[in-house]
Amino acid sequence: MDLIDHEPNDIKFIGHYLDEDGVVADVLARVSADPVAIERWLDPQSWGFPLHISSVTLKAMPEHAGCLMFAAMGIRNFYGLWHADNPHTAFGLEDDVQIEDGIVTDPRHPDNFSFRVIERVKEELRKLVPEAA
């Protein structure tokens, strides 16, 4: 698999479709190239932001709190996971997606796909930075 070189903040579609292993490898390569990005990906505070904030809570939070809370959406957009012609994803009724108790559980669904990518990248980063595990 060849990695495509892009501007660091480019969120446009990559231009071709990758399977899950390909997306994981590409995201991992991008994150691994930046020590600050590795630190942020491994910090649980990067992935969310408190719903109720007091001045005390705000002062106690690191500056980067919540910086990755939209990473899954960025992955879906950048890798074209919502594109109807992406052979690695499925999301419409015509795709016969799995739904259990009203919840889309199909692994091909872009939301499920992107969250799995994030977990796999974090798992690989923990292997690279064992003290963060």
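Lys-122 lies over the face of Trp-47, 4.7 Å from the ring centre. Arg-76 does likewise with Phe-115, at 5.8 Å from the ring centre. A charge sits over a ring when NZ of Lys or CZ of Arg is within 6 Å of the ring centre and within 35 degrees of the ring normal.

This is a predicted model, in which local features need pLDDT of at least 70 and side-chain atom pairs count only at pLDDT 80 or more, while totals for chains, interfaces and linings use all residues. Residues are numbered from 1 along each chain as its sequence is written, and side-chain values use heavy atoms, leaving out hydrogens and water.

Trp-47 also belongs to an aromatic pair, with Trp-41 as its partner. A search of the whole structure finds four aromatic pairs. The Trp-41 and Trp-47 pair is edge-to-face, 5.1 Å centre to centre with 85° between the planes. Trp-82 and Phe-91 form another edge-to-face pair, 5.1 Å centre to centre and 65° between the planes. Rings of Phe, Tyr and Trp (its six-membered ring) pair if their centres lie within 6.5 Å; planes under 30 degrees apart count as stacked, over 60 as edge-to-face and the rest as tilted.

How covered are these rings? Trp-41 has a relative accessible area of 8%, so it counts as buried (under 20% relative accessible area; exposed is over 50%, partly exposed in between, with a 1.4 Å probe and protein chains only). Trp-82 is partly exposed, because its relative accessible area is 35%. Phe-91 is partly exposed too, at 28%.

Now step back to the chain. It has five helices and two strands, in the order α-α-α-α-β-β-α along the sequence. Helices (H or I, at least four residues) and strands (E, at least two) are DSSP runs, numbered from the N terminus. Of the 133 residues, 34% are buried. Among contacts (heavy atoms within 4.5 Å) between residues at least 6 apart in sequence, 55% join residues at least 24 apart.

Finally, the surface. The chain exposes about 8600 Å², and carbon and sulfur atoms supply 56% of it. These areas come from the Shrake-Rupley method with a 1.4 Å probe; for residues, only the protein chains shown count as cover. Phe-49, Ile-53, Leu-58, Met-69, Phe-70 and Met-73 form a nonpolar surface patch, with about 570 Å² of accessible area together. Patch residues have over 30% relative accessible area and no salt bridge; nonpolar side chains (Val, Leu, Ile, Met, Phe, Trp, Tyr) are joined within 5 Å, like charges within 9 Å. A salt bridge is a side-chain nitrogen of Lys or Arg within 4 Å of a carboxyl oxygen of Asp or Glu. Leu-58 is found in helix α3, residues 55–60. Leu-58 is partly exposed, because its relative accessibility is 47%.
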